[in-house]
Amino acid sequence: MRLRPKRATPRATHPAARAKQPLPILVVGLTGPNASGKGEVAKFLAASGFDVHSLSDAVREEATRRGLDHSRDHLIRVGVDLRQEHGPGALALGVLPRLKGRSVVDSIRNPGEVEVLRRLPRFLLLGIDAPQALRFERSLLRGRLGDGATLDEFTRKEERENSTTPAGQQLLATLALADVVIDNDGTIAALRRKVRRALRARGLETVPA
């Protein structure tokens, strides 16, 4: 009778060894209109261990290279120029090599950028929105250059950010592609709860209570 060799019992991975293993890639994208609260969501996820990247960083770098300040009008124009030259998804293509483990990609403003990020194995697009009048009040509090000093001016600038040209900002069209849209019409604590629920509803137990 021929004896079969015993199968080796799998050895459990030591906790320290597991800690050294790379985290599976999970990318959360953020889109939404101006002063909707995307930055607050990015900060919340950063505190939960996510690396944060913004598509606006490349635009700011190019604006600086051109000797322009970082006003909203200048950044919009530079972003359009970059998409015209390199394609609608150019800004997202530039950030792809930096996405390791759990990451956030903020300032997604064009459907072409969503198309690029959807190529990732695990990508969730969160839309952050709030009533326009409330967003205007928040923009005044943060005092960012070029947001608009009156509600009418704020509204006109938003209209420019809903272009139908492939290289332009298309905030409404991009927001429509979100996997879930979160209404940020309350406190920061309420916003964080909504984000946590949205991720956990999709099986992403990545954000502590």
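Me: Which side chains meet in a salt bridge at 2.6 Å, N to O?

Reply: A salt bridge here is a side-chain nitrogen of Lys or Arg within 4 Å of a carboxyl oxygen of Asp or Glu. In this case the partners are Glu 62 and Arg 65. This is a predicted model, where local features need pLDDT of at least 70, side-chain atom pairs count only at pLDDT 80 or more, and totals for chains, interfaces and linings use all residues. Residues are numbered from 1 along each chain as its sequence is written, and side-chain values use heavy atoms, with hydrogens and water left out.

Me: How many residues apart are Glu 62 and Arg 65 in helix 3?

Reply: Helices (H or I, at least four residues) and strands (E, at least two) are DSSP runs, numbered from the N terminus. Glu 62 and Arg 65 are 3 residues apart in helix 3, so about one helical turn separates them.

Me: What does the salt bridge of Asp 57 and Arg 60 look like?

Reply: The N to O distance is 3.3 Å. Both residues sit in helix 3 (residues 55-65), 3 residues apart, so about one helical turn lies between them. Asp 57 is partly exposed at 32%. Arg 60 is partly exposed too, at 29%.

Me: At what angle do helix 4 and helix 8 pack?

Reply: Two packed helices are described by the angle between their axes and the distance between the axes. Axes are lines fitted to C-alpha atoms, for helices over the stretch in contact, and angles run from 0 to 180 degrees between N-to-C directions. Helix 4 (residues 72-86) and helix 8 (residues 151-160) pack at about 5°, with axes 12 Å apart. Helix 4 is therefore roughly parallel to helix 8 (an angle under 35 degrees).

Me: Which residues make that contact?

Reply: Contact means heavy atoms within 4.5 Å. Helix 4 contributes Arg 72, Asp 73 and Ile 76, and helix 8 contributes Phe 154, Lys 157, Glu 158 and Arg 160.

Me: Which residues touch the most other members of the largest nonpolar core?

Reply: A nonpolar core is a set of buried Ala, Val, Leu, Ile, Met, Phe, Trp, Tyr and Cys residues joined through side-chain atoms within 4.5 Å. The largest has 21 residues, and Leu 99, Val 105, Ile 108, Leu 117 and Phe 123 touch the most other members. Helix 3, helix 4, helix 5 (90-95), helix 6 (111-117) and strand 4 (123-129) each supply at least two of its residues. A second, separate core of 19 residues includes Leu 26, Phe 50, Val 195 and Leu 204.

Me: What does Val 105 touch?

Reply: Residues up to four places away in sequence are not counted; among the rest, Val 105 touches Val 27, His 53, Leu 99 and Leu 117.

Me: Where does Ala 35 lie?

Reply: Ala 35 is in the loop between strand 1 (26-31) and helix 2 (38-47). Its phi is positive, about 60°, although Ala 35 is not a glycine. Ala 35 is buried, at 8%. Ser 107 sits in the loop between strand 3 (102-106) and helix 6. Ser 107 has a positive phi of about 65° and is buried at 9%.

Definitions and conventions:
Parallel < 35°, antiparallel > 145°, perpendicular 65-115°, else oblique. Buried < 20%, exposed > 50% of the residue type's maximum accessible area, 1.4 Å probe, protein only.
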